[in-house]
Amino acid sequence: MKHRILCALLVTLLSLGSIAALAFEVQSSPNPDGQKQANSGFDAQKAGERIFMANCSRCHLPPTSITPRTTGTIIMHMRVRARLSRRDEQLLLKYMAP
Amino acid sequence: MRRLFAAIAVFWMTGFLNAQDDDINHNNAGHIPVISGAIGYIYNVNGGVPALSPQINPVLLVPFGSHVLLESHTDFIGFFQRKYLTHGPYTGKVFKSVESAQVDWLANTHLIAVAGRYLIPFGLYNERLSPLWIHDLQDGPITSAIGTLPGGSGDGIMLRGVLRQNPSYSIQYSSYFSTNCNVNQLEAARAAGGDASIYLTNKRLEVGGSYQRFLQDHEINSVATYVSWEPAHTLLDVKFEFDRSYNGYGYWLQTAYSFNQTPIKPAFLKRMQLVGRMQQFRPLNGGGNSLPQVNTNRIDVGLNYYIRDDLRLISSYGRQFNSPTNVNIWNAGFTYRFVWPLWPERKK
């Protein structure tokens, strides 16, 4: 009985994940304005800075001492921890390791 | 049931592959193994009893491409007290605990799959504010034990990501299932739960809620609701959380202000951060389970000084009002955040 409940719970979780992935993929595509803004390197850096201020600074100060060679790994880690979008990750990389 | 599970799993993985985002902007960021974390040394006096607490919390990060990350976080926390509490030589030991050991699959914006041992996403504190180099006050909130037992970590799977994002707001979610585990350093309870929050970009306001169903022994529910607000053009940070479970309920309200943008002289004073927190807890059904068994109120005031963004001096004073006794709690020390590359840089 317990095994069945566990399986049912797991299936529910996976189902919700699938639905979320497929249902919202189109809706949250970057808007044309945002895409246009991020096309130039400078604008992408400014956008990255805004994303940093909106997300990362809710918990900690800007990490100025992180070198570009480690930035990709750190941002991956923070993307998981802070539930950042793929686009946020790219703009943060542009901001922190242009 | 197994066939259904297999079908859903295949469907889910297909969704992953279809949803891969190949648009990678050019940058100079490296994806190499890194050991990060924090070192700290805290001198604590609680009710007149001094204690020393050296700590190191290494976090190993090993990326495999830009979509898979292996991460492991272990805490080594020393606790040394005087032999006769207020006098005599210091004695004690170092406690170690594996906070997380997980594989992350960053499939796309909406789905990040986590497997292994992970920090339980419940409320603001456990997952986001608990690292040594992040929290502004060294003692965690009284209610931090709600929704995070037995040790703040779960063993199992977690799905998380961004449900919807546009320039005005962002909705994020986490959902997890943890199995019962009694292996040394990997202890976890059977539980399921989730967290969701909405962040209003222009208001810089986040509102969220967490839920957990404990699925072993006494099957209990735990809930939390929280607010995080950083007003625009200031360095004020306001956080509030209310938690409730079978063993009690309570809230904490914390404000932190950095003097970075304040026109004060001399300039080195701009590196200061002033923190205040108040909290109240009321036990239910006798309390316990790492929660007080009597009504408890507490206020804390802290002053931190950032020598650099990764090195800070910390100090705080707290007064705890319990029904039978009141105590003063002092903390002083430093924290240092480190990020060390473990591998020569590999160009993308």
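## Around His73(B)

Leaving aside residues up to four places away in sequence, His73(B) is in contact with Asn57(B), Val59(B), Glu99(B) and Ser100(B). Keep in mind as you look around that this is a predicted model.

His73(B) belongs to strand E3 of chain B, which spans residues 68-82. Is His73(B) buried or exposed? His73(B) counts as buried because 23 C-beta neighbours lie inside 10 Å, and the cut-off for a buried residue is 20 or more.

Let's turn to another part of chain B. Strand E13(B), residues 272-283, pairs with strand E14(B), residues 296-308, in the antiparallel sense through 10 bridges. Within this pairing, Met278(B) sits opposite Ile299(B) of E14(B).

E14(B) is also joined to strand E15(B), residues 311-322, by 10 bridges, and these two strands run antiparallel. Together E14(B) and E15(B) make a hairpin, with 2 residues between them. Arg308(B) stands opposite Leu311(B) of E15(B).

## The nonpolar core

Which residues have the most contacts inside the largest nonpolar core? They are Leu92(A), Ile112(B) and Val114(B), in a core of 51 residues.

Leu92(A) is a handy place to start exploring. Not counting residues up to four places away in sequence, Leu92(A) touches Gly48(A), Ile51(A), Phe52(A) and Ile75(A).

Conventions:
Residues are numbered from 1 along each chain as its sequence is written. Chains are lettered from A and ligands numbered from 1 in the order in which they are written. This is a predicted model: local features need pLDDT of at least 70, side-chain atom pairs count only at pLDDT 80 or more; totals for chains, interfaces and linings use all residues. Two strands pair if DSSP finds at least two bridges between them. Helices (H or I, at least four residues) and strands (E, at least two) are DSSP runs, numbered from the N terminus. A residue is buried if 20 or more other C-beta atoms lie within 10 Å of its own, exposed if 12 or fewer, and partly exposed in between; C-beta atoms are placed from the backbone. Two residues are in contact if their C-beta atoms, placed from the backbone, lie within 7 Å. A nonpolar core is a set of buried Ala, Val, Leu, Ile, Met, Phe, Trp, Tyr and Cys residues joined through C-beta atoms within 7 Å.
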